[in-house]
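Have a look at the fold first, then read on.

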Amino acid sequence: MNNNPRELAFLSINEILIDDAYSNITINKVFSKNKDLSHLDKKYITELVYGTVKNKIYLEYIVKQYVKSRIKPKIKNLLSMSLYQIINMDKTPNFATVNEAVNIAKKNGGPNAAKFVNGVLRNIIRTFDSSNLEYKNSIEKFCIENSCPIELFNILKKQYGEDKAKTIVLSFLNKSENSIRVNTLKNNKSDLVKKLKLTTSVKESNICEDCLLVDKIDFSSDLFLNGHFIVQDEASALVACSIGGPLDKHYNILDVCAAPGGKSLHIASKYFNSNVVSCDKYIHKLDLITKNAKRLSINNIDIKNQDATIFNEKFENKFDIVVCDVPCSGLGVIKNKPEIKYKITNSQIEDLSKLQYKILTNSIRYLKKDGILIYSTCTIDKRENEENINKFLEEHKNFSLEKINTNTIVSQDRDGIFNIMPDEYNCDGFFIAKLIKKEN
């Protein structure tokens, strides 16, 4: 067990930037393995990891001004992490930052690495001035200073214009509020608020009526362990609320891309008299749904291993409601998973939009006449969202958008569509479309 916060942050950053791990999963894993960490240590590690990953391009650009030779990835990450502390974390003295970095370098690269890190950091502390950094043009300056790959900026600029693209990029540097969803099978919202207020500040979400915003989440509390709430972003939780219809009515509901299960579990608890079939092609992800269903005392969910792109004739015309929360580029969740912005390419999004459309057109065959289809993504790329829906409506005249009736401050772009932008709301970016099937 390692209780050195800086070293745990360094190991986490390497896992995220070198091994392609997700930041939220990596940090939660660190906390679960090191249960003796104090609340302040956890807060410190979280800030250091997210700050370094979110500002990766800018930090590496500064390091590059001081080191012209190639640097090993782990040492580069160590320099970036230390530089983030020096620039942004005033409570940590610079000498302490350098000493810790030298010790970590020695442990991971030997005496020469330690000497190198010591020299670079001391030189930066002595001479760095951000006004001396040079850029080719204003766009490069903006992208580097805000750690946005130029390809990503150009994608956003093409779809939203330069000014809007800039506000979206700036929003990526923020973090969403901690959102939890009330498990209405075990308590109502007001009762849970009273219990949570004993340990943290709480306020109701104005984006999703089933969510609360809290200052901190205690995963070791009885309230969490006994399933009184589950962690789910406000925008994601809005999917279940968009279905509409009497909650106590019996429906057959299908979620074709369910993992990790937040939306399926929400729908199952909300529509407690209905049957929910929750599918995904990855068996290990389905295990998480099973585990959470048990914790939340949900017993009306049936979990199946199935690829959403392959037609299942047993499901044909069997469901009143079909949910297509399709795989996407994740452009909407960069606030909380900043590493995503370094992986996105234009060709990747083109391929994803085709996959999404394939899943959508396959899934409608499972829907009964007058059935509801919910299409959703956690991205803001129009090819994955509006363009897919517009193409679908053009090719499937027996489907139409239907107005979504739910309590939220989010306005519909047009009846039946929520387009939640990360720069307009302090939550994930999200897209939701509600479609109704008429005659075949």
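Let's start with a pair of residues: Cys279 sits opposite Lys304 in S7. Five bridges tie S6 to strand S7 (residues 301-305), and the two run parallel; strands count as paired if DSSP finds at least two bridges between them. Keep in mind that this is a predicted model, where local features need pLDDT of at least 70, side-chain atom pairs count only at pLDDT 80 or more, and totals for chains, interfaces and linings use all residues. Residues are numbered from 1 along each chain as its sequence is written, and side-chain values use heavy atoms, with hydrogens and water left out.

**Around strand S6**
- Strand S6 (residues 275-280) is mostly covered, with five of its six residues buried; buried means under 20% relative accessible area, exposed over 50% and partly exposed in between (1.4 Å probe, protein chains only).
- The strand and helix names come from DSSP runs, numbered from the N terminus: helices are H or I with at least four residues, strands E with at least two.
- S6, helix H15 (residues 283-295) and S7 form a right-handed β-α-β unit; right-handed here means that, with the strands pointing away from the viewer, the path from the first strand over the helix to the second runs clockwise.
- Strand S5 (residues 252-255) also pairs with S6, in the parallel sense and over four bridges.
- To get from S5 to S6, the chain goes through helix H14 (residues 262-270), and this β-α-β crossover is right-handed.
- Asn252 is found opposite Asn275 in S6.

**Around strand S8**
- Strand S8 (residues 319-325) has six of its seven residues buried, so the rest of the structure largely encloses it.
- S5 pairs with S8 over three bridges, in the parallel sense, and Leu254 has Val322 as its bridge partner in S8.
- S8 is joined to S9 by six bridges, and these strands run parallel; Asp325 stands opposite Ser376 in S9.
- Another right-handed β-α-β unit is made of S8, helix H16 (residues 346-363) and S9.

**The annotated cysteine**
- UniProt lists Cys378 for "active site" in an unreviewed entry; its positions are given in the numbering used here, feature names are shortened, and annotations may be inferred rather than shown by experiment.
- Where is Cys378? Cys378 lies in the loop between strand S9 (367-377) and helix H17 (386-395).
- Cys378 counts as partly exposed because its relative accessibility is 21%.
- Setting aside neighbours within four places in sequence, Cys378 has contacts that include Cys328, Gly330, Val333, Gly429 and Phe430; contact means heavy atoms within 4.5 Å.

**A helix pair**
- Helix H5 (residues 73-88) packs against helix H7 (residues 111-127) at an angle of about 30°, with their axes 11 Å apart; axes are lines fitted to C-alpha atoms, for helices over the stretch in contact, and angles run from 0 to 180 degrees between N-to-C directions.
- The contact involves residues including Leu78, Leu79 and Ile86 of H5, and Phe116, Val120 and Ile124 of H7.

- Strand S1 (residues 178-182) and S4 pair in the antiparallel sense over three bridges, with Arg181 opposite Ile230 in S4.
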